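Okay, thanks for coming, everyone.

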Amino acid sequence: MNNMRLIYFKSVTVLLLIFNLFGCESVEGKADATDIAFVDSLLKEMTVDEKIGQMTQVDRQFLNDISDISKYGFGSLLSGGGSTPKINEPKAWAEMYDLYQREALQSRLKIPLLYGIDAVHGHNNVIGATIFPHNIGLGATRDAKIVEAVAKATALEIAATGIDWDFAPCLTVPNDYRWGRTYEGFSEDTELVTELGNAAILGYQSTNINNPNRVLACAKHFIGDGGTSFGTGLNGKIDRGNLALSEEALRKTHLPPFKKAVESGVATFMAAYNTWNDLKCHANKYLLTDILKEELGFKGFVVSDWAAIEEIPGNYKADIITSINAGIDMVMVPGAVKFGNESYEKFMKLFKESIEDGSIPMTRVNDAVKRILLIKKQAGLFDRPFSDQQLLSHIGSQKHREIAREAVRKSMVLLKNNNNLLPLPKNGKKIIVAGRGANNIGMQSGGWTISWQGEMGNKAEGTSVLDAIKSAVDPGTSVQFTEDGKDVQGDVAVVVIGEEPYAEMEGDREDLSLDKKDLDVIKTLKNKNIPVVVVLFSGRPMIITDQIEQWDSFVAAWLPGTEGQGISDVLFGDYNPTGKLSFSWPKSMDQLPISKADDYLFDFGYGLSY
Ligand code: GLC
């Protein structure tokens, strides 16, 4: 911006500030009027290329050169799952963020970047971060306060790395557990999703998005991804499938969490990959504009999902025209050419052509850019574009790990407890800890942990069930670890089994039976007449009807994250279990989708206490 314009620009802002000081508007009104004037003035300065740049989001791993950030004036960068700095530790993340932001401020108009990431159960890409329970476990807590506390702690850990925007909470209402994203949902129950989703948004954002310790939230995925039909999705399964539902049923089951999100002031929305009655949500103007922006009055901006516009039928230029005109304000391109997606250069070229040939009206572009800039302004990004590395000490802090431990305790659902085997004594019994999950924080955390899919092993820093039990018992109490249950004798066995980590379509499964290795370890122990306490790590209720008879006690632990002591707190009675099922537990695969059944193994809301 040249000097004369800068003087004009600043004087307009000063005049408006004076006006507002003596104006009678509310605090919000002052902020809005000043912010709107700032953005309107900036918009007038922008070229078409700069406007297109603001509507473009690229994954930093696919940048051809860091100078592209200032050259194209990207509105946003993201780290997709696993898109980490070379050295994956907190300070390196903050330095990477500042490096990109400094480059963004080299652009002509010096518009700062918004940096987005999937921190869906803690700042889960970052080694050293606190990893909290996935939403399925938070749903079992039935505790909006702990959900808000988890989101607030997560926001602080994200902000500590400079990052401004969390692609969370997921407000899906899962109906068919064959879907690999079931665990990203709080519950099968719309009301519970609405309540806990609202709590999460308040935790991430607080009530004023201009807050250096919080981040922008993202209500996702709009709309109906939890209701798709098996067989209509990717690879003939269910993820990104078709939601065959009347508008009335859509409004009853899937809309309320998003309506509440708008009322809670959520800054952004992310469109859903799925189709609704065979039309892609990313192409659906009725959903993205008529309902979301006009009927619900959403004033923030809508981001597409990862290369999602490419899944709209038609060529790429048609995809761009259709999605932007439908109401997508920012496109997560994200430039993954090596994975067969389109380049950001091609996106911007075709986007510009579409404006020049009138396929995308400039009024639509201006509306989208204004929405994006207004969020950046209201979030304080123009005033505080860089990380505050004094916040780094909050990452993985003891305080946050205590919050996570409380959330884990409250998420445990006790579903069986024959002869009051639980709680276990802290002395006087020889305790065996067995199974693939006993000493495996990767299984304990599930997908979206350090990498997109997560992985077995102990890459994330935390406390396994084995370590938690060892620290819980009295000195001298025997604790023996065995993965397969062989070559041990003892008085009781805690057997930790479950699903290996997965995310999205990689978790779509036609059969939710337990792994044979898990069943074998239980059988080995039972053959030695050792009573077993089964602890299940899973992203959904599994089919256990034929096996649970042999289990003496059973705790559904979901995907609790790094703080395994929350599990031992329940096993030893330091916390009397309060968790309640937020998903009905089916007897067989025939009972899925769950809404069509009624005689479950365990009902929604079920959970025992001592
Ligand atoms: C993924 C997910 C979405 C996530 C985005 C960025 O495909 O659908 O939930 O926020 O891409 O990683």
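Let me start with how I sort residues: Ala, Val, Leu, Ile, Met, Phe, Trp, Tyr, Cys and Pro count as nonpolar, Asp, Glu, Lys and Arg as charged, and the others, Gly among them, as polar. With that sorting, the shell around the ligand comes out as 6 nonpolar, 1 polar and 5 charged residues. Before I go on, the housekeeping. This is a predicted model, so local features need pLDDT of at least 70 and side-chain atom pairs count only at pLDDT 80 or more, while totals for chains, interfaces and linings use all residues. Residues are numbered from 1 along each chain as its sequence is written, and side-chain values use heavy atoms, with hydrogens and water left out.

So, who is around the ligand? Among them are Phe-167, Met-270, Tyr-273, Trp-306 and Trp-448, along with Arg-181, Lys-220 and His-221; a residue gets in if one of its heavy atoms lies within 4 Å. The protein covers 96% of the 310 Å² of accessible area that the ligand has on its own. Those areas are Shrake-Rupley with a 1.4 Å probe, and for residues only the protein chains shown count as cover.

On to salt bridges, meaning a side-chain nitrogen of Lys or Arg within 4 Å of a carboxyl oxygen of Asp or Glu. How many does the structure hold? There are 42 of them. Take Asp-569 and Arg-409: their closest N and O atoms are 2.7 Å apart. This pair links distant parts of the chain, with Asp-569 in helix H19 (residues 565-571) and Arg-409 in helix H15, 160 residues apart. By helices I mean DSSP runs of H or I, at least four residues, and by strands runs of E, at least two, numbered from the N terminus. Both Asp-569 and Arg-409 are buried, where buried is under 20% relative accessible area, exposed is over 50% and partly exposed is in between, using a 1.4 Å probe and protein chains only. There's also a network: bridges with shared partners join Arg-181, Glu-184, Asp-239, Arg-240, Lys-280, Glu-311 and Glu-504.

Glu-406 is partly exposed at 26%, whereas Lys-410 is buried at 17%.

Next, Asn-341, in the loop between strand S11 (331-332) and helix H13 (344-356). Buried or exposed? Asn-341 counts as buried, because its relative accessible area is 18%. Its side chain has a 3.1 Å polar contact with that of Glu-310; that's a pair of N or O atoms within 3.5 Å, where within protein one must be able to donate a hydrogen and the other to accept it, and residues adjacent in sequence count only if both atoms are side-chain atoms.

Last, the backbone. The Phe-222 to Ile-223 peptide bond is cis, with omega near 10°, and a cis bond also joins Leu-592 and Pro-593, at about 0°. Asn-529 isn't a glycine, yet has a positive phi of about 55°; this residue is exposed, at 70%.
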